[in-house]
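Work through the exercises below with the sequence and the model side by side. Try each task by yourself before you read its solution.

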Amino acid sequence: MIKKIVHVAVGVIKSGNTLFICKRPDDKHQGGLWEFPGGKVESGESVFEALKRELQEEVALTIHSSTELMVIEHDYGDKCVKLDVHLVTDFSGDAHGAEGQQSEWVALNKLDDYNFPAANVEIIDKIKSLQ
């Protein structure tokens, strides 16, 4: 049986030496873990369009541009994801959990103190390698 792949636009929102992360709701896939915000790419949408829409909805930011960081495909067993990860440094607004989710600005060297889904480990490694 072929599993459906969920295509997700992910924003690594960076300001200075801090990154904005959100905690997934307990009732969602990978619930209770921290993540870089984003969401599903809808049919007919570019990754940037999806990222712009999702970050406005989830964290109340307007992004002006982004840079592709990496693409990750990960099989969780019960779900496969394709993460189109973009670095976001050009934005306006005051980031917060606009859907009621817990959120924080975290120093890059403190990311290891948070539990992330397995697919996000590659993202963290990549960000650290750029420093």
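**Exercise 1.** Find what covers the buried residues of helix α2, and explain why these residues lie on the same side of α2.

*Solution.* Begin with the cover: it includes β1 (5-15), β2 (18-23), β3 (34-35), β5 (62-75) and β6 (80-92), where helices (H or I, at least four residues) and strands (E, at least two) are DSSP runs, numbered from the N terminus. This is a predicted model, in which local features need pLDDT of at least 70 and side-chain atom pairs count only at pLDDT 80 or more, while totals for chains, interfaces and linings use all residues. Residues are numbered from 1 along each chain as its sequence is written, and side-chain values use heavy atoms, with hydrogens and water left out.

Next, list the residues themselves: in α2, which spans residues 120-130, the buried ones are Asn-120, Ile-123, Ile-124 and Ile-127. Buried means under 20% relative accessible area, exposed over 50%, and partly exposed in between (1.4 Å probe, protein chains only). Because these residues cover an arc of only 95 degrees around the axis, they are on the same side of α2; the arc is that of the directions from the helix axis to the C-beta atoms. As background, an α-helix has 3.6 residues a turn, so residues three or four places apart point the same way.

**Exercise 2.** Describe how strand β2 pairs with β1, with β7 and with β3.

*Solution.* Two strands pair if DSSP finds at least two bridges between them. Take β1 to begin with: it runs antiparallel to β2, and three bridges join them, with Ile-13 standing opposite Phe-20 in β2. The hairpin of β1 and β2 has two residues between the strands, and in it Gly-16 takes a positive phi near 65 degrees.

Then turn to β7, which is antiparallel to β2 and joined to it by five bridges; here Ile-21 faces Glu-104 in β7. Lastly, β2 and β3 pair in the antiparallel sense over two bridges, and Cys-22 is found opposite Glu-35 in β3.

**Exercise 3.** Which residue forms a salt bridge with Glu-35, and which parts does the pair tie together?

*Solution.* A salt bridge is a side-chain nitrogen of Lys or Arg within 4 Å of a carboxyl oxygen of Asp or Glu, and the structure holds five of them. The partner of Glu-35 is Arg-24, with the closest N and O atoms 2.9 Å apart. Since Glu-35 lies in strand β3 and Arg-24 in the loop between β2 and β3, the pair ties together parts that are 11 residues apart in sequence. Glu-35 counts as buried, at 15% relative accessibility.

**Exercise 4.** Trace the salt bridges of Arg-53, including those with Glu-45 and Glu-57.

*Solution.* With Glu-45, the closest N and O atoms are 2.7 Å apart. With Glu-57, the side chains meet at 3.8 Å, N to O, and both residues lie in helix α1 (residues 47-59), four residues apart, about one turn of the helix. Salt bridges that share partners join Glu-45, Arg-53, Glu-54 and Glu-57 into one network. Arg-53 is partly exposed, with a relative accessible area of 23%, and Glu-57 is also partly exposed, with 40%.

Technical notes. Contact = heavy atoms within 4.5 Å.
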